[in-house]
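Hi,

Here is the structure I said I'd pass along.

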Amino acid sequence: MMSTTHETETTDRPFRRTGEPDVSASPLHPRRASRRIMVGPVPVGGGAPVSVQSMTNTPTVDVGATLQQIAELTAAGCDIVRVAVPSQDDADALPEIVRRSPIPVIADIHFQSRYVFQAIDAGCAAVRVNPGNIRKFAEVGPAICKAATDAGISLRIGVNAGSLDKELYAKYGGPTPEALVASALKEARMFEDVGFHDFKISVKHHDPVTMVQTYRLLASKGDWPLHLGVTEAGPAWQGTIKSCLAFGALLAEGIGDTIRVSLSAPPVEEVKVGCKILEYLGLRPRRFDIISCPSCGRAQVDVIQLANAVTEGLKDVTAPIRVAVMGCIVNGPGEAREADLGVASGNGKGQIFIKGKVVATVPEDRIVETLLEQANRIAAQMQADGLAPSTAGGPVVVPVVHGPHGPAR
């Protein structure tokens, strides 16, 4: 039974604000026209910037650990976070997590419809709910839609290849693009038939080719905002490649409104990959970027070691600095000259370039420390000039006030 009251502390707490302008259009292709929903203060669809999501892997009932991980995700650039709600204890922890989270919280709920109502009462910005695995959804679906409408929150629906309806699996011979889209359209009608439209759809598959085909097909069927994901993508190295291929193909065609990179790795790594995908597609302002030449017979220094050392030393820099680490006389001077900061190495020394000009020549064993020193100096100046955010954030979000059912809008 749906709860109609919820007492919680009302706090005037703004969500983080990056200070960055919205970037919503890729230079590669116009965005697909989709309707807009809100996840707390973060717009999804309707031309809004593509947002990055991840999911905590802590037990939600462990409020301290969950909030710590949310803080780490936020610092990495995450816009929206999802938390699992498999038990009553997890559902009971939601109000405090929502109240203290710096970014909007989505409750991930399966099987038990009562947790959906409890998540709405707790002030979650959205709820992930798949009708196919909610018991007696035909009976509780309208009540879920009414509760979400009354609270002013959105839902995420959709299907994964591993949770496809058995009848559709048999009809189409497996989790084919046609089967996944048929399932998604069936779910969409369940909500739209009762007048609810504030939802986004995901149709995830572990195979990048199938995933791209599925989202292309779904995008042609309506204007729902789409949540992109390669589900169960695998360990970090493999999953990153899969996600880059699939997201790159779709986002380059203007398809996709919010993304989650799914890796068998710490959630922060998912966010880092997601943010970089958007940066390199021109869908998010560039942050720190390193250019380094491949290892080849022309190199007169250990480029691999040099590039790794510089990358590690500047891993916390959020300023939009492009650093070139070059190891030969063919491309080195040109690339170093075009970067904000660069080195052209050879003959036991390195020429340090800043904005196209040589500012120093240092011995090979001082290249790394010199680059780190200069990069941090440039970053600090950018920070002072207001040209770099204090965190590696994403789209600008507006301050909100938390009320009984979450962010006021």
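This is a predicted model: local features need pLDDT of at least 70, side-chain atom pairs count only at pLDDT 80 or more; totals for chains, interfaces and linings use all residues.

Of the 409 residues in the chain, 55% are buried. The chain has 12 helices and 17 strands. If you take the contacts between residues at least 6 apart in sequence, 67% of them join residues at least 24 apart.

Now to the spot I looked at in more detail. The UniProt record, an unreviewed entry, puts a "binding site" feature at C293, C296, C328 and E335.

Where does C293 lie? You'll find C293 in the loop between β11 (289-292) and α10 (303-313). Its relative accessible area is 16%, so C293 counts as buried, the cut-off being under 20%. Setting aside residues up to four places away in sequence, C293 touches V303, V325, M326 and G327.

C328 sits in another stretch of the chain, the loop between β12 (322-326) and α11 (332-338). Is C328 buried or exposed? C328 is buried, because its relative accessibility is 7% and the limit is under 20%. If you leave out neighbours within four places in sequence, the residues in contact with C328 are R298, A299, P333 and S345.

Cheers

Conventions. Residues are numbered from 1 along each chain as its sequence is written. Side-chain values use heavy atoms; hydrogens and water are left out. Helices (H or I, at least four residues) and strands (E, at least two) are DSSP runs, numbered from the N terminus. Buried means under 20% relative accessible area, exposed over 50%, partly exposed in between (1.4 Å probe, protein chains only). Contact means heavy atoms within 4.5 Å. UniProt positions are given in the numbering used here, feature names are shortened, and annotations may be inferred rather than shown by experiment.
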